[in-house]
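Work through these two exercises with the sequence and the model open. Try each task before reading its solution.

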Amino acid sequence: MTKNSNHSNTKLLGLLGHPIRQSYSPFIHNVASELLNLDYIYLPFDVPTSNLKNAIKGMIALGIRGFNITIPHKENILPHLNNLSEEASLIGSVNTIVNELGKLNGYNTDVHGILESLSPYKDEITGSQVTIIGSGGSARAVLYTLIRHLKPKKIFLINRTEQRAEHLKNYFRDKMKYTSIRCAEFYPPSMVDVLNSSKLVVNATPVGMIPKSDDTITTLGESFTKGQIVFDLVYNPTQTKLLKLASGEGAVTLDGLKMLIHQAAKSFELWTGEKMPIEQVYKSLQLYLAN
């Protein structure tokens, strides 16, 4: 019998979001705890925005060690936290909470996952034009990672509501003194030239995620070119319609699974003080998905 056998001393971890049934986070963290013989269990909690405040109170009352935060709470969780890491404060969104005896500390480990995914292409991204689709909590982490670590020449920010994109542009201008963000409204025919002239295109929206896996940000193949890098943060399914379309045009495609594993590893370390056995967990997840 391992320590991870769910008894009175078992420490709780969890995922807080809405919807969450598409998430592999419970699998990843429970496998990691099992591999390291740690006495933790990770549970999913489907919490709509209207119940967020009560869920946080419950987290403190139950002594839950930590939570991952996912859509739609990455930004609106901030007023409920006691402290933010420097990164989370700059980004303006949180995906990890550590409960230190009732004091809630917020972190953003998405940055680590994004950087691990894009670092092999750093030389191509630096000094180039890139495009991000979306302006929520994940888009904030992508913007921060690009500006801080990969230094593109120009960033196009495309969103269904251009006003929201403009807000984000102004936020990062003030916070990071980056003045090369251009905004555009989400309309596929007018996006073609922006997308196919960008070295990197990132989908930072949940469009294409299960159960709406037939959705895609565009069906126009001419939006993509050979050698371009297209990164979809969606990880379920791993091969989204967007990635299939871009791959068909010769683009290099990156799914969200590597990012998911690496951001999870950082969260796991913050909660347990132990390093996640990334390769073993990744192989377990691939076997799980294959079945």
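A residue counts as buried under 20% relative accessible area and as exposed over 50%. The model is predicted.

**Exercise 1. Helix α2**

Task: Find which residues of helix α2 are buried, say how they are arranged around the axis, and identify what they pack against.

Solution: 

1. Take residues 52-62, which form α2. The buried ones are L52, I56 and M59.
2. Check their directions. They cover an arc of only 55° around the axis, so they sit on the same side of α2.
3. Recall the helix geometry. An α-helix has 3.6 residues a turn, so residues three or four places apart point the same way.
4. Turn to the face of α2 directed away from the buried side. Exposed residues N54, K57, A61 and L62 are found there.
5. Look for the packing partners. The buried residues of α2 pack against four strands: β1 (11-17), β3 (66-69), β5 (96-100) and β6 (103-107).

**Exercise 2. The largest pocket**

Task: Describe the lining of the largest pocket, and state which residues lie nearest its centre.

Solution: 

1. Start with the volume. For the largest pocket it is about 420 Å³.
2. Count the lining. There are 24 residues, and S135, G136, A204, T205 and P206 lie nearest the centre of the pocket.
3. Assign elements. Both α6 (137-150) and β8 (154-159) supply at least two lining residues. The largest share, three residues, comes from α6.
4. The lining holds eleven nonpolar, nine polar and four charged residues.

Key: Residues numbered from 1 in each chain as written. Predicted model: local features only at pLDDT ≥ 70, side-chain atom pairs only at ≥ 80, totals over all residues. Heavy atoms only, no water. 1 Å grid on protein atoms, 1.4 Å probe; cavity = no way out; pocket = protein on both sides within 12 Å on 5 of 7 lines; lining within 4 Å. Points joined across faces, edges and corners; volume = space filled by probe spheres on them. Nonpolar A, V, L, I, M, F, W, Y, C, P; charged D, E, K, R; others polar. Buried < 20%, exposed > 50% of the residue type's maximum accessible area, 1.4 Å probe, protein only. Arc of directions from axis to C-beta. Contact = heavy atoms within 4.5 Å.
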